[in-house]
Amino acid sequence: MTKKTLLLPLTVTAALGFALTGCTSSVDPVETPTSTPTTQAAAPDDQCVDGVAFMDLTDGGEKELADGCETVVVIGEGGTLSLGPVTTLSLMGMGTTVEADTVTRVELGGNDNTVTHTGAAPEQVGDGTGNTVTAR
């Protein structure tokens, strides 16, 4: 009787095992798409791209952005820049002279910069020293 008692559960277990092997899915698993990292190209200097212009006056000299730009960021020392209308002018360099048409806001992060503009006086913010912003 022991053989029959033991044989029945083993037979049932084996039958269930064989039955379950036929229940596997034939559908391929869903592949997770991998994202390819994109590299953003830096905006070129001295051009207004998507409302932002980076003006590099590292070597001094004179530059112009006659059509202006919404935001203009200026770096460098001792250069001269002529701008059309600007919403935000951000000065990071030292000793730069900027002549602009209308300017709404001047961010003075650098030192000893001179800004002349037409139109109403712009809001001035920043912790730079020795900077002047005057109407012409």
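Mentor: β1 and β2 (residues 52-57) pair in the antiparallel sense over 2 bridges; strands here are DSSP runs (E, at least two residues), numbered from the N terminus, and two of them pair if DSSP finds at least two bridges between them. Within this pairing, Cys-48 has Ala-53 of β2 as its bridge partner. The model is predicted, so local features need pLDDT of at least 70 and side-chain atom pairs count only at pLDDT 80 or more, while totals for chains, interfaces and linings use all residues. Residues are numbered from 1 along each chain as its sequence is written, and side-chain values use heavy atoms, with hydrogens and water left out.

The pair belongs to an open sheet of 6 strands with mixed pairing, in the order β1-β2-β4-β6-β8-β10. β1 (48-49) and β10 (123-125) stand at its edges with a single partner strand each, so one side of each has no neighbour in the sheet.

A second open sheet has 5 strands in the order β3-β5-β7-β9-β11, and its pairing is parallel. Its edge strands, β3 (62-65) and β11 (132-135), each pair on one side only. Neighbouring strands of this sheet are turned by 15 degrees against each other on average, direction ignored; the axes are lines fitted to C-alpha atoms, and angles run from 0 to 180 degrees between N-to-C directions. Inside it, β7 runs parallel to β9 (residues 114-117), joined by 4 bridges, and Ala-100 has His-117 of β9 as its bridge partner.

Thr-97 is also found in β7. Thr-97 is partly exposed, at 31% relative accessible area (buried means under 20%, exposed over 50%, partly exposed in between, with a 1.4 Å probe and protein chains only). Leaving aside neighbours within four places in sequence, Thr-97 is in contact (heavy atoms within 4.5 Å) with Gly-79, Thr-80, Leu-81 and Thr-114. Its C-alpha atom is separated by 10.0 Å from that of Asn-131, 34 residues apart along the chain.

The largest nonpolar core has 19 residues, and those with the most contacts inside it include Val-72, Leu-89 and Val-98. Such a core is a set of buried Ala, Val, Leu, Ile, Met, Phe, Trp, Tyr and Cys residues joined through side-chain atoms within 4.5 Å. β2, β4 (69-76), β5 (80-83), β6 (86-91), β7 (97-100) and β8 (103-108) each supply at least two of its residues. Beyond four places in sequence, the contacts of Leu-89 include Val-72, Leu-83, Val-98, Arg-105 and Val-115.
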